[in-house]
Amino acid sequence: MSEILPGPACPVCASPITPARTGRPARYCSTPCRQAAHRARRRAEATLQQAAWQRRQLARDIERLAVVAAELVEAEHRLVDVDQANGETSVDPATGWEAHLAELATNVSRLASTIAGTARGHAANAADYRQAAAVTGRVRVLPRYGQKRP
């Protein structure tokens, strides 16, 4: 008995591809699958660009957060004066620092919220990229957090 070898499978829907009699071998089983692969390639490229922009935004916002954190530490040093002689802590009775401290806390909260939103957006883009790349069969390896690049 002769065994029928399975032909190539469509990378989009995994159905068998009917071989053409002449010309270049088909890569997809139908026009809709070819279009779906084209859209997936475009989506994968767009998500890579969006993810790169989000990483730049995250780096910028984290740098800003570090500056605000340093200002908070400086404000804390000005606010609390430690008496070296007896080890007691005395709070500066002068006012005016409250508004500055409230502004710094608001900036920290705003930056933390922005960073969290951008990080969630980046995670969604990475998942979208993996899905689009799986359809096209072109997976560009993106290391996960904490892993070294190949």
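Start by selecting Asp61 and Arg64: their side chains meet in a salt bridge, 4.0 Å from N to O. A salt bridge here is a side-chain nitrogen of Lys or Arg within 4 Å of a carboxyl oxygen of Asp or Glu. Because Asp61 and Arg64 are three residues apart in helix H1, about one helical turn separates them. Salt bridges with shared partners join Arg60, Asp61 and Arg64 into one network.

A word on what you are looking at: this is a predicted model, in which local features need pLDDT of at least 70 and side-chain atom pairs count only at pLDDT 80 or more, while totals for chains, interfaces and linings use all residues. Residues are numbered from 1 along each chain as its sequence is written, and side-chain values use heavy atoms, with hydrogens and water left out.

**Stop 1: the rest of the network**

Arg60 forms a salt bridge with Asp61, and their closest N and O atoms are 2.9 Å apart. Is Asp61 buried or exposed? Asp61 counts as buried, at 2% relative accessibility. Buried means under 20% relative accessible area, exposed means over 50%, and partly exposed lies in between (1.4 Å probe, protein chains only). Arg60 is partly exposed, with a relative accessible area of 36%, and Arg64 is partly exposed too, at 43%.

**Stop 2: a bridge between helices**

How many salt bridges does a search of the whole structure find? The search finds three. For one of them, select Arg43 and Asp128, where the closest N and O atoms are 3.2 Å apart. This pair links distant parts of the chain, with Arg43 in helix H1 and Asp128 in helix H2, 85 residues apart. Arg43 counts as partly exposed at 32% relative accessibility, and Asp128 is partly exposed with a relative accessible area of 22%.

**Stop 3: along H2**

Now select residues 97–136, which make up helix H2. At 1.5 Å a residue, the 40 residues of H2 should span 58 Å, and the end C-alpha atoms are 58 Å apart, so the two values agree. The expected span is 1.5 Å times one less than the number of residues. Next, colour the buried residues of H2, among them Leu104, Leu111, Ile115, Thr118 and Asn125. The buried residues of H2 pack against helix H1 (31–79).

**Stop 4**

Select Gln54, which is found in helix H1 and counts as buried at 7% relative accessibility. A polar atom of the Gln54 side chain lies 3.5 Å from the backbone nitrogen of His122. Leaving aside neighbours within four places in sequence, Gln54 is in contact (heavy atoms within 4.5 Å) with Thr118, Gly121, His122 and Asn125.

Then move to Thr47, also placed in helix H1. Thr47 counts as buried at 6% relative accessibility. A polar atom of the Thr47 side chain lies 2.8 Å from the backbone oxygen of Ala44. Not counting residues up to four places away in sequence, Thr47 touches Asn125, Asp128 and Tyr129.

**Stop 4: the nonpolar cores**

Which residues form the largest nonpolar core? Select Ala40, Ala44, Leu48, Tyr129, Ala132 and Ala133 to see its six residues. A nonpolar core is a set of buried Ala, Val, Leu, Ile, Met, Phe, Trp, Tyr and Cys residues joined through side-chain atoms within 4.5 Å. H1 and H2 are the elements that give two or more residues to this core. For a second, separate core of five residues, select Cys10, Ile17, Tyr28 and Ala37, which are included in it.

**Last stop: the whole chain**

Zoom out and switch to a cartoon view. The chain has two helices and two strands, and from the N terminus on its elements run α-β-β-α. Helices (H or I, at least four residues) and strands (E, at least two) are DSSP runs, numbered from the N terminus. Of the 150 residues of the chain, 18% count as buried. Among contacts in the chain with a separation of 6 or more, 54% are between residues 24 or more positions apart.

Terms used: Polar contact = N/O pair within 3.5 Å; in protein donor to acceptor, adjacent residues only side chain to side chain.
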